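Good morning, colleagues. I would ask you to keep the sequence and the model in view while I speak.

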Amino acid sequence: MNAATRAGQRTDMAAADTRDADESAQYLTFQVGSESFAIAILGIKEIIEYAGLTEVPLMPECIRGVINVRGSVVPVLDLSARFGRKVAAITRRTCIVIVEVLSRDGRQDMGIIVDAVNAVLEIPLSQIEPPPAFGAKIRTDFIAGMGKVDGRFVILLNIDQVLSTDEIGELARVDEDAVEANEAEAG
């Protein structure tokens, strides 16, 4: 390798580092309980007021029901319950964020219940830290990173993992098995 080639590679690497430091992504921030979370806006389809939820029997506790979004049935997940906390109380600020997630069957729309939507923030990639290995109040595989915003951290969610249809389907099967076991004991 000659000196001109090495110098060219260094210039390319320096340009890539500068580009990475300057790049940013937009995130929707919202509250669940007293904590701030964010998800990348690219997967968000819309934000709607909490209303018109139809409960479906034998669903895992974290699935609050389904809603009709322009003729499509969209399951709605309680993010607080998904994080292993108590079911979210519905207030006048409660919203449903409709997101598109990847599943093995393709893309699917799902709704998540959040206590309040805050803002859309642009977070530079240089201000995003990797998820903590321990000490988080939610599963670490749910965390895509920790965004630094105004001296505070916002938990950036890995929404495909949080809304994993495979895992939620497994939770439904466990609940069905529990109901069948209770019915067998009673009858």
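I begin with Leu 156, which is found in strand S11; helices (H or I, at least four residues) and strands (E, at least two) are DSSP runs, numbered from the N terminus. The model is a predicted one, in which local features need pLDDT of at least 70, side-chain atom pairs count only at pLDDT 80 or more, and totals for chains, interfaces and linings use all residues. Residues are numbered from 1 along each chain as its sequence is written, and side-chain values use heavy atoms, with hydrogens and water left out.

Is Leu 156 buried or exposed? Its relative accessible area is 3%, so Leu 156 is buried; the term means under 20% relative accessible area, with exposed over 50% and partly exposed in between (1.4 Å probe, protein chains only). Not counting residues up to four places away in sequence, Leu 156 touches, among others, Tyr 27, Ala 38, Ile 123, Phe 142 and Met 146, where contact means heavy atoms within 4.5 Å. Leu 156 and Phe 37 are 5.9 Å apart in space, C-alpha to C-alpha, although 119 residues separate them in sequence.

Let me turn to the strands. S10 and S11 (residues 152–157) run antiparallel and are joined by 6 bridges; two strands pair if DSSP finds at least two bridges between them. Lys 148 stands opposite Phe 153 in S11. The two strands form a hairpin with 2 residues between them, and Asp 150 in the turn has a positive phi of about 50°. S10 also pairs with strand S9 (residues 128–129), in the antiparallel sense and over 2 bridges. There, Ile 128 has Gly 147 of S10 as its bridge partner.

Next, the aromatic rings. The structure holds 3 aromatic pairs; rings of Phe, Tyr and Trp (its six-membered ring) pair if their centres lie within 6.5 Å, and planes under 30 degrees apart count as stacked, over 60 as edge-to-face and the rest as tilted. Phe 37 and Phe 83 have ring centres 5.2 Å apart and planes at 40°, so this pair is tilted. Because Phe 37 lies in strand S2 (residues 35–40) and Phe 83 in the loop between helix H2 (79–82) and strand S6 (95–103), the pair ties together parts that are 46 residues apart in sequence. Phe 37 counts as buried at 0% relative accessibility, and Phe 83 counts as buried at 9%. Phe 83 and Phe 142 form a tilted pair as well, 6.0 Å centre to centre with 40° between the planes. Here the link runs from the loop between H2 and S6 to the loop between S9 and S10, 59 residues apart. Ring pairs link Phe 30, Phe 37, Phe 83 and Phe 142 into a cluster.

I close with the nonpolar cores, each a set of buried Ala, Val, Leu, Ile, Met, Phe, Trp, Tyr and Cys residues joined through side-chain atoms within 4.5 Å. The largest has 28 residues, and Phe 30, Ile 39 and Leu 157 are among those with the most contacts inside it. S6 gives the largest share of this core, 4 residues. A second, separate core of 7 residues includes Val 74, Val 76, Ile 96 and Ile 113.
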